[in-house]
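Look at the structure, then read on.

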Amino acid sequence: MSPKHETPLPTLAQRSLELRQLKLPGSKVSMQGGRLLRFKFSLSPGLFGRLYDCELQVYPGKKPPRMFVLRPDLVEVAGGRRPPHLYDHDGRGSLLCLWWPKNCEWHPHHKLDNSYIAWTAEWLWYYEEWLESREWLAGGAHPVQIPCRWRPGKFRMRSSLTGA
């Protein structure tokens, strides 16, 4: 039997080249010691949508990227209402919930322009619709953190829709 041959995961350098080719407004790629790639850019969800300053954080290996909207402040734009499908985090900007990990909707081999960048544009489109209608039309499930009784300070995730 021969060992299973897996396609190597893209390196941060390869991800950097992929993102530079997008030529999005205000785009800038920076690396932090081979442990983190930051891609800052501006994006509008449509012809008449606001321009949002975003940051994609990409890590080596299988750890999923994280997408932030830095400006404008999404809660402030919403008149103090917290938009659906945001993760809590310490730091700047709003951390977007773009996919449900239990459904394995993202894989480390996926191209970032067809996944995270496209999903962010779609999320922002639904956000702008939500500002007007007060109803989140995108559907989906948002993970909710539940404290683990057996591991103080640790959490498990469950869907906000299914209760699973």
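## A buried pair

Tyr52 and Tyr127 are both buried (under 20% relative accessible area with a 1.4 Å probe, protein chains only; exposed is over 50%, partly exposed in between). Their rings form an edge-to-face aromatic pair, 6.2 Å centre to centre and with 80° between the planes. Rings of Phe, Tyr and Trp (its six-membered ring) pair if their centres lie within 6.5 Å; planes under 30 degrees apart are stacked, over 60 edge-to-face, and the rest tilted.

This pair links distant parts of the chain, 75 residues apart. Tyr52 is in strand β3 (residues 52-58), and Tyr127 is in helix α3 (residues 113-133). Helices (H or I, at least four residues) and strands (E, at least two) are DSSP runs, numbered from the N terminus.

## How the model is read

The model is predicted: local features need pLDDT of at least 70, side-chain atom pairs count only at pLDDT 80 or more, and totals for chains, interfaces and linings use all residues. Residues are numbered from 1 along each chain as its sequence is written, and side-chain values use heavy atoms, with hydrogens and water left out.

The whole structure has 10 aromatic pairs. Trp99 and Trp106 form a tilted one, with 6.2 Å between centres and 35° between planes. Trp99 counts as buried because its relative accessibility is 12%. Trp106 counts as buried because its value is 8%.

One aromatic cluster takes in Tyr52, Trp123, Trp125, Tyr126, Tyr127, Trp130 and Trp136.

## Charges over rings

Which ring does the charged end of Lys63 sit over? It is the ring of Tyr59, with the charged end 4.0 Å from the ring centre. Arg81 lies over the face of Trp130, 4.3 Å from the ring centre. The test asks for NZ of Lys or CZ of Arg within 6 Å of the ring centre and within 35 degrees of the ring normal.

## An enclosed space

The structure holds 1 cavity of 30 Å³ or more. The largest cavity has about 60 Å³ of space. A cavity is a set of points on a 1 Å grid over the protein atoms alone where a 1.4 Å probe fits but cannot get out; lining residues have an atom within 4 Å of a point. Tyr59, Lys63 and Trp106 are among the lining residues of the largest cavity. Its lining divides into 7 nonpolar, 1 polar and 2 charged residues. Ala, Val, Leu, Ile, Met, Phe, Trp, Tyr, Cys and Pro count as nonpolar, Asp, Glu, Lys and Arg as charged, and the others, Gly among them, as polar.

Note on methods
1 Å grid on protein atoms, 1.4 Å probe; cavity = no way out; pocket = protein on both sides within 12 Å on 5 of 7 lines; lining within 4 Å. Points joined across faces, edges and corners; volume = space filled by probe spheres on them.
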